[in-house]
Amino acid sequence: MKRIAVFPGSFDPVTRGHEDIVIRGAQLFDTLVVAIGHNTTKQTMFTLEQRKGWLEKLFAGLPNVRVEVYEGLTVDFCRRLDAHYVLRGLRNGVDFDYEAAIAAMNKGLDGNIETVTLFTRPELACIHSSIVREIIKSHGNVSAFVPPAVEINP
Ligand code: ADP
């Protein structure tokens with residue numbers, strides 16, 4: 001049986017932290033689907049097209065990684081793809097508490113889906129999309145925090 005995993009997120013914007021989790025996660029699964037969770041009522045800084053374009057460009061060289069967009073529950077999306085794994089990244093204890101709650105609730109929704117977490121590289125643990133957005137709003141340079149494929153003009 002092929003091991004298919006979903007890496008869900010908003011990627012608003014994509015960071016070096018996300019990139020690292022995908023590169024490492026791609027080695028663990030036969031297929032890794034980077035899944036942009038789309039919620040029409042949730043305001044994002046970057047459009048769906050921008051975020052999808054960045055992710056596709058970034059992972060074009062990884063043959064077992066593809067990018068998709070979904071609405072609704074992550075477990076429903078996983079079932080549609082026959083994916084039994086949800087991949088998430090962990091930076092710190094705050095992430096741990098949040099991810100543990102989400103993983104437990106996803107398990108309650110679908111007992112066949114396992115959440116697999118990877119610890120971030122220490123040098124990337126400080127990178128949060130929300131802080132990157134704050135820097136962008138103040139016209140700062142975020143090139144140290146986002147991959148070169150993510151073109152953002154300060
Ligand atoms: P969400 O809105 O679902 O938290 P994000 O786009 O912020 O989506 O993050 C998606 C996933 O990437 C989450 O598992 C998050 O913990 C992980 N992640 C985000 N930033 C980093 C980082 N710097 N290092 C490792 N994992 C990260």
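Here is a chat about the sheet and the nonpolar cores of a predicted model.

Biologist: What's the strand order in the open sheet?

Modeller: In this predicted model, the five strands line up as β3-β2-β1-β4-β5, and the pairing is parallel.

Biologist: Which strands sit at the edges?

Modeller: Those are β3, residues 65-70, and β5, residues 114-119, and each of them pairs on one side only. On average, neighbouring strands of the sheet are turned by 30 degrees against each other, ignoring direction.

Biologist: How many bridges join β2 to β3?

Modeller: Six, with β2 covering residues 31-37 and the two strands running parallel. Leu32 is placed opposite Val65 of β3.

Biologist: Switching to helices, which strands does α3 lie across?

Modeller: Helix α3, residues 74-81, lies across β1, β2, β3 and β4, and it runs at about 130 degrees to β3.

Biologist: OK, now the inside. Which residues touch the most other members of the largest nonpolar core?

Modeller: Phe7, Leu32, Val34 and Leu55, out of 31 residues in that core.

Biologist: And which element gives the largest share?

Modeller: Helix α2 does, with four residues. Other elements giving two or more include β1, α1, β4 and α5.

Biologist: Back to Val34. What is Val34 in contact with, leaving aside neighbours within four places in sequence?

Modeller: Phe7, Phe11, Val22, Leu55, Phe59, Val65, Arg66, Val67 and Glu68.

Notes
Residues numbered from 1 in each chain as written. Predicted model: local features only at pLDDT ≥ 70, side-chain atom pairs only at ≥ 80, totals over all residues. Heavy atoms only, no water. Pairing = 2+ DSSP bridges. Axes fitted to C-alpha atoms, helices over the stretch in contact; angles between N-to-C directions. Contact = heavy atoms within 4.5 Å. Core = buried A, V, L, I, M, F, W, Y, C linked by side-chain atoms within 4.5 Å. Buried < 20%, exposed > 50% of the residue type's maximum accessible area, 1.4 Å probe, protein only.
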